Amino acid sequence: MLKKAFAISAIAAVLAAIFFVAPLLDKEERARRSEAEYVSMFKEVVDIVKESYVDKVDDKKLMTGAINGMLAALDPHSTYLPVTEYSEMKVHMAGAFGGLGIELDMRNGKLMVNAPIEDTPAFRAGILAGDHIFQIDGKPTKDLPINECVSRMRGTPGTQVTLTIIREGAAQPLTFRLTRAIIKTKSLKARLLESGYGYVRIAEFQERTGEDFEKALKTLAADNGAPLSGLILDLRYNPGGLVDQAYRVADRFIGEGLTNGDIVTTKGRDAASVHTLTATIGEKEPKYPMVVLINGGSASASEIVAGALQDHKRAVIMGTQSFGKGSVQSIMTLNNGDGLKLTTARYYTPSGRSIQAKGITPDIVVEFAKPTAAKKEKEQEVREQDLDGHMQEVPETKAPAPAKPVHPVLLPRVNGAGKELSEEELLQKDNQLARALELIKGVNVLKKGLLR
């Protein structure tokens with residue numbers, strides 16, 4: 001009787017196992033069948049296009065188009081990078097390349113010089129802002145993509161390139177035979193606005209940004225002849241860049257103690273993908289008042305810096321709502337040398353706030369006051385939440401209230417003669433910068449008053 005009962009129990013256990021496992025197996029099988037069906041459908045569509053499309057279709061164009069479409073369906077930042085674009089991206093982020101040292105722009109189909117970079121072949125040869133580069137090595141530049149023009153001017157250091165330039169006021173075209181050299185671009189500029197008050201503008205986080213930032217802070221203190229009384233860190237229109245360099249910038253101000261030194265956390269699909277970058281312990285910048293300027297063009301790595309300094313109450317964030325790109329893109333090299341930029345995680349500030357599709361809300365909202373001549377132009381500022389297919393933010397209990405939209409404007413950096421604005425001119429034309437300086441000076445006045 002006991003054996004019979006045991007046998008019945010065993011059969012019941014097996015049936016129960018089958019009952020619970022069968023749906024799982026069925027689900028996996030359905031997933032496999034579904035994947036196989038879509039692969040089969042994709043192949044069917046490819047065959048139809050190759051056979052019936054009005055023109056003969058190049059296989060490479062068809063496949064890369066399919067890859068781009070697949071990635072575009074995920075989010076706006078995942079993308080396929082052909083080897084030329086991939087190489088250009090790596091050169092750009094490295095901040096060093098073989099070339100001539102010219103900042104370029106394409107205007108009405110003409111390749112124009114925005115400015116020569118100081119102490120480069122172009123600068124020493126006398127190329128000027130506003131010059132029209134008519135030919136490169138005898139080949140016209142009109143209507144060429146700017147990337148192709150850049151590619152023609154870059155090359156191995158020590159090799160030569162000839163530029164034919166049309167300059168306003170010159171009777172005939174000018175010819176410059178230049179020797180390429182290693183060009184090191186700077187992602188930041190620093191200056192003293194007034195005695196004791198430093199200003200650093202970071203345009204993008206490149207491979208040397210952290211190192212250059214530390215040097216800039218030391219130079220500002222040396223030029224001042226004493227420790228700074230305050231600092232303005234300008235991250236407006238900074239689209240991001242390398243996270244490790246953003247970390248180095250924030251690390252200069254965070255982590256004097258042993259605890260609460262988090263700068264940014266990334267979270268992917270599974271628990272094992274959670275990583276937190278924590279500030280190093282050691283010498284930091286003096287505790288002078290600090291303002292970080294942001295706007296709708298401040299994205300990704302610049303939002304990491306602003307969010308960390310805001311959460312640790314190390315700086316006042318001023319300006320307008322940032323872009324809201326809180327996703328991590330990993331760069332992967334494919335077997336054929338092309339690149340794949342794929343979103344793999346989300347960013348979170350030290351307090352656990354998600355940046356995605358929200359951005360950083362300033363402590364003090366200050367709209368940029370456009371010059372009178374520019375007020376006619378009204379362009380709606382675009383943020384992450386406005387992009388088609390953007391990733392949704394992760395719900396949280398305390399969501400910052402978004403600031404109202406602002407209209408973007410390129411901040412003035414040079415005067416009509418192409419020379420850099422003086423400190424006085426800069427403060428007159430940039431009300432956000434002037435307001436930040438007033439705030440820092442006010443904090444110092446208040447501190448002195450309280451210490452009396």
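Buried here means under 20% relative accessible area, exposed means over 50%, and partly exposed is in between (1.4 Å probe, protein chains only).

A quick word on the model: it is predicted, so local features need pLDDT of at least 70 and side-chain atom pairs count only at pLDDT 80 or more, while totals for chains, interfaces and linings use all residues. Residues are numbered from 1 along each chain as its sequence is written, and side-chain values use heavy atoms, with hydrogens and water left out.

Now the charged pairs. The structure holds 17 salt bridges, each being a side-chain nitrogen of Lys or Arg within 4 Å of a carboxyl oxygen of Asp or Glu. Among them are these:

| Pair | N to O distance |
|---|---|
| D47 and K43 | 3.2 Å |
| R191 and E423 | 3.3 Å |
| R201 and D234 | 3.1 Å |

R191 sits in strand 10 (residues 188–194) and E423 in helix 9 (residues 423–429), so this pair ties together parts that are 232 residues apart in sequence. Helices (H or I, at least four residues) and strands (E, at least two) are DSSP runs, numbered from the N terminus. E423 is partly exposed at 27% relative accessibility.

What about R201 and D234, buried or exposed? Both are buried. These two also join R236 and D430 in a network of salt bridges.

D47 and K43 stay within helix 1, four residues apart, about one turn of the helix. D47 is partly exposed at 37% relative accessibility, whereas K43 is exposed, with a relative accessible area of 52%.
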